[in-house]
Amino acid sequence: MTIENYSQNTQADWTYDPAPQSVEHVNIHDSYELFIDGKFTASKSESYRDSINPATEKTLTKVAEAGVEDVDLAVDAARHAYEGPWSQMTASERGKFLFRIARMIQERSRELAIVESLDGGKPIRESRDVDIPLAAAHFFYYAGWADKLDYAFPGRQAQSVGVAAQIIPWNFPLLMAAWKIAPALATGNTLVLKPAETTPLTAMILADIIREADLPPGVVNIVTGDGDLGKQLVRHPGIDKIAFTGSTTVGKDIMRALAGKDKRFTLELGGKAANIIFADAAIDQAIEGIVNSIFFNQGHVCCAGSRLFVEESVAKEVTQKLRERMETLIVGDPLDKNTDIGAINSIDQLKRIQSYVEIGQQEGGELYQSSCILPDTGYWHAPTLFSNVSQSHRIVQEEIFGPVLAIQTFRTVDEVIEKANNTPYGLSGGVWTDKGAKIFKVTRNIRAGVIWANTFNKFDPSSPFGGYKESGMGREGGVEGLLPYLNLTTNTR
Amino acid sequence: MNDRINVRKTHKMFINGKFARSESERTFGWTTSDTKDSTNICRASRKDFRDSVLAAKNAFSGWSSRTAYNRAQIIYRCAEILEGRSAQLVEELRTQGLDSEDAQLEVRQTIDLLVYYAGWADKYQQLFSSVNPVSAPYFNFTALEATGVVAIIAPRESGLLGIVSAIAPTLVGGNTCVTLMSEENPLCTSSLSETLHTSDVPAGVVNLLTGFRSELIDQFSTHMEVNALIYFGEDKDEITQIETNAAENVKRVSICTRQDWEYESSLSPYAILRTQETKTTWHPIGF
């Protein structure tokens with residue numbers, strides 16, 4: 001029975017009452033300064049950028065923009081801290097600081113969740129249940145590694161690299177900060193972090209936590225600004241290691257900028273994951289998996305399952321059920337606890353998604369969007385489905401980073417593996433089937449760093465994450481996540 | 001004086017399991033250090049390189065899906081065959097200017113290095129993979145997989161140990177490779193090819209080219225089907241060129257120096273890790 005039939009039968013009103021998250025205990029300051037050498041410091045350029053709530057288009061606050069001099073100060077502070085207190089501290093003491101930060105994130109978790117949703121537009125359900133708890137867990141996980149590094153890589157002694165520059169995106173602001181900061185500190189490095197220009201606020205609260213945790217000044221420095229600031233950081237002679245999460249285009253620019261410089265770097269770049277549904281899958285579970293794979297966080301996910309492959313014999317059923325499920329998705333106020341899909345992060349990103357939807361139609365794709373009513377103000381995009389597309393379509397090849405799914409069909413296992421791998425990306429993939437042997441055949445043959453079988457978009461600090469091919473190099477999470485921040489030297493062979 | 005006419009050997013390259021001259025039909029004269037005799041060595045063209053990459057790409061899925069036990073046996077077989085050909089290799093190294101003792105040492109070390117890596121084939125995975133204790137009901141594990149097609153630019157100083165120390169860990173890890181042999185010490189290319197050929201290394205898994213580094217370095221680092229590049233040397237300009245080109249398709253670049261090919265210091269499972277990716281797989285636990 002379809003949802004449509006059901007509502008006709010019962011005449012029931014399925015609309016939810018509003019369930020807004022209260023924001024009364026959140027105090028957003030009028031402005032935020034740079035966090036350098038343990039102090040909140042005004043930018044030398046004295047310029048500020050407004051931080052906008054994408055759900056209301058209202059200005060939340062203004063955030064300092066770092067310039068050349070500020071970058072120098074931040075890198076100097078990190079260098080002094082590296083050569084001074086941080087390297088003189090025992091590893092177990094270093095670890096205790098990370099445990100402390102993990103606890104303080106937990107203590108301020110609701111505040112962080114609300115600010116994350118206000119600043120970035122993601123549903124409170126996700127920032128509350130996914131982003132913030134995972135950020136705390138990440139610090140907790142790596143805290144314990146600090147005094148156990150000699151056990152991580154057999155036959156090698158682990159040594160810190162030095163000062164790291166870390167550049168993170170706007171889709172999981174606090175979580176990405178945690179992914180970067182926690183392993184860097186556990187391994188004894190100091191750092192300069194640059195949050196994305198549209199989502200700096202939770203990083204500034206994290207700065208406040210770090211200050212309150214009494215971490216030695218200069219160990220963590222946070223500078224805010226746009227891509228130009230990122231470029232300065234990458235090219236700064238005082239930086240020993242660069243960690244970047246963002247687009248493949250920028251990742252390649254970074255590689256070129258670092259050519260011949262003998263610097264360490266790790267890149268976590270774009271993706272265009274295949275999510276594969278076999279006829280023998282538990283279809284209703286798979287439908288939930290598809291929804292989670294592409295509509296989680298408005299599709300602003302580098303590992304989103306943006307290419308859906310459905311075995312031909314169940315294609316009709318899956319498409320129909322998916323459409324019905326999409327009808328029930330609640331798009332709207334990120335602070336409403338029932339919201340499934342929040343606001344698009346910025347006007348620029350909204351335009352980018354819209355242009356891809358236009359391209360998809362021009363190229364002959366068949367468009368389906370849920371009939372949800374989008375709010376008048378703010379940046380929104382309805383959950384979108386494209387069928388009748390093929391491998392060569394741009395919406396099948398290029399990363400859209402929005403709630404737009406392209407559906408294709410297949411007949412054989414070999415065919416779908418070939419199609420899944422027909423992309424320069426290799427970050428993630430998904431497979432749905434009840435046959436164990438088939439799971440291993442497919443997960444083994446997809447050239448990607450993270451594969452979810454009968455699930456999707458799951459993350460954990462102990463679970464390494466990162467890409468093959470043009471999706472980047474290096475891993476974050478798990479033992480592998482320590483490697484980017486260590487020089488391994490020989491003690492015994 | 002012996003009046004029999006000596007049968008000289010034509011030096012060839014090794015592409016897709018075949019002993020090939022350059023499609024360009026170019027050679028360069030290489031002069032022995034003692035007798036000053038000139039030998040013609042194939043001068044690989046860009047097309048030879050592209051053909052080799054294609055061969056390596058086509059061989060990848062078969063080689064990477066072989067069992068570790070099978071790869072171990074094939075690498076060990078290479079050592080067996082090399083042992084039998086020691087005299088020939090020693091002679092070639094001597095022609096290239098090594099004294100007898102050094103030549104014998106290099107051949108012995110090369111054979112032992114192959115035995116060492118043969119033994120890693122079914123063990124490095126156990127050392128570097130993990131079952132991850134995620135805090136939800138999922139079975140989650142991380143395992144290594146081969147990066148893909150690897151381009152190798154051999155050390156100039158060593159024509160045998162230098163290149164085998166790069167090829168062995170690459171192969172053990174399930175990758176296929178295209179190698180630019182030392183321009184200065186190219187004489188072992190044929191013997192090495194014959195060794196690989198008679199050791200059941202499948203066609204295309206290892207391709208050996210001779211030629212000019214300056215002429216081919218751009219091709220090696222720009223080719224979109226090459227997933228990783230191992231470079232031996234310390235030339236700043238070459239390194240910058242390679243690393244700039246590598247951005248094109250996010251190639252994994254390893255810059256290696258003398259200690260990465262010398263016997264004692266190079267033996268390490270971490271050499272295998274240069275051309276490995278880690279894959280993490282999740283599955284729910286339940287009904």
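This is a predicted model: local features need pLDDT of at least 70, side-chain atom pairs count only at pLDDT 80 or more; totals for chains, interfaces and linings use all residues.

Colleague: Which residues touch the most other members of the largest nonpolar core?
Modeller: They are L98(A), F139(A), I75(B), L114(B) and L229(B), in a core of 176 residues. Such a core is a set of buried Ala, Val, Leu, Ile, Met, Phe, Trp, Tyr and Cys residues joined through C-beta atoms within 7 Å. A residue is buried if 20 or more other C-beta atoms lie within 10 Å of its own, exposed if 12 or fewer, and partly exposed in between, with C-beta atoms placed from the backbone.

Colleague: And which helix gives the most to this core?
Modeller: Helix α6 of chain A, residues 173-186, gives 11 residues. Helices (H or I, at least four residues) and strands (E, at least two) are DSSP runs, numbered from the N terminus.

Colleague: Why is α6(A) described as largely enclosed?
Modeller: Because 14 of its 14 residues are buried, α6(A) is largely enclosed by the rest of the structure. Just after α6(A), G188(A) takes a positive phi of about 90°.

Colleague: Changing topic, how many residues does each chain give to the contact?
Modeller: Chain B gives 31 residues and chain A gives 35; two residues are in contact if their C-beta atoms, placed from the backbone, lie within 7 Å. On the side of chain B that touches chain A, β12(B) gives the most, with 8 residues.

Colleague: How does β18 of chain A run relative to β12(B), parallel or antiparallel?
Modeller: The two run parallel, with 3 bridges joining β18(A), residues 450-453, to β12(B). Strands pair if DSSP finds at least two bridges between them. W452(A) stands opposite W282(B) in β12(B).

Colleague: What about E46(A): is this residue buried or exposed?
Modeller: E46(A) counts as exposed, because it has 9 C-beta neighbours inside 10 Å. This residue lies in the loop between β3 and β4 of chain A, and its phi is positive, near 55°.

Colleague: And N457(A), buried or exposed?
Modeller: N457(A) has 23 C-beta neighbours inside 10 Å and so counts as buried. Its place is in the loop between β18 and β19 of chain A, and its phi is about 50°, positive although N457(A) is not a glycine.

Notes. Residues are numbered from 1 along each chain as its sequence is written. Chains are lettered from A and ligands numbered from 1 in the order in which they are written.
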